[in-house]
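Please work through the exercises below with the sequence and the structure at hand. A worked solution follows each task.

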Amino acid sequence: MGGAVVVSHTLQRADQFNHREKITVISQAHKEFASHQMALHAGSALLMQPRNCDTRPGVSLALSYLKFLDPDAIVIILPSDHFIFPAQRFRRLVNSSVSALTNHSDQFILLGVLPSTPETECGWVQPGSRVDRLHGLPEQHLDRICIG
């Protein structure tokens, strides 16, 4: 999938949620097509990495910026390499998660899918045992998050 289509799909997904601030992190190499796509989506800040540093540094950059703007913000992270279709169930899960976090600001929710194959280069989440539900969402302890 071309870079412009991926950025467009991610921005459209982000537009489905009510947000005070939207931050898009891209690498310098994607500046040309991302800038064009960003012009179509109002109210978004653009943070640029000097080179492609992958997801973890990009998320850290955005979180640092958000912590400065609003240390109590509820954050939704939408990596551009995730293709979600159809989006209705995902949107419901994210909205339920945001509602749950509004009343439990000391928690975090990590949404994911069961993998069909191991992707050890990308890192993984190792689930622990299930616990009670949080605002109707199944809650599960994480044993650890492994970075590939």
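The model is predicted: local features need pLDDT of at least 70, side-chain atom pairs count only at pLDDT 80 or more, and totals for chains, interfaces and linings use all residues. Residues are numbered from 1 along each chain as its sequence is written, and side-chain values use heavy atoms, without hydrogens and water.

**Exercise 1.** Determine the span of helix α4 and which of its residues are buried.

*Solution.* Helices are DSSP runs of H or I with at least four residues, strands runs of E with at least two, numbered from the N terminus. Helix α4 comprises residues 88-103, 16 residues in total. From first to last C-alpha it reaches 24 Å, close to the expected 22 Å, where the expected span is 1.5 Å times one less than the number of residues. Buried (under 20% relative accessible area; exposed is over 50%, partly exposed in between; 1.4 Å probe, protein chains only) are F90, V94, S97, A100 and L101. They lie on the same side of α4 because they cover an arc of only 125° around the axis, taken from the directions from the helix axis to the C-beta atoms. The face turned away carries the exposed residues R92, T102 and N103.

**Exercise 2.** Characterise the aromatic pair found in the whole structure.

*Solution.* Rings of Phe, Tyr and Trp (its six-membered ring) pair if their centres lie within 6.5 Å; planes under 30 degrees apart are stacked, over 60 edge-to-face, the rest tilted. The search finds one pair. F17 and F90 are edge-to-face, at 6.3 Å centre to centre and 75° between the planes. F17 lies in the loop between α1 (3-15) and β1 (22-27) and F90 in helix α4, so the pair ties together parts 73 residues apart in sequence. Both F17 and F90 are buried.

**Exercise 3.** Is Q49 buried or exposed?

*Solution.* Q49 belongs to strand β2 (residues 44-49). Q49 counts as buried because its relative accessibility is 7%.
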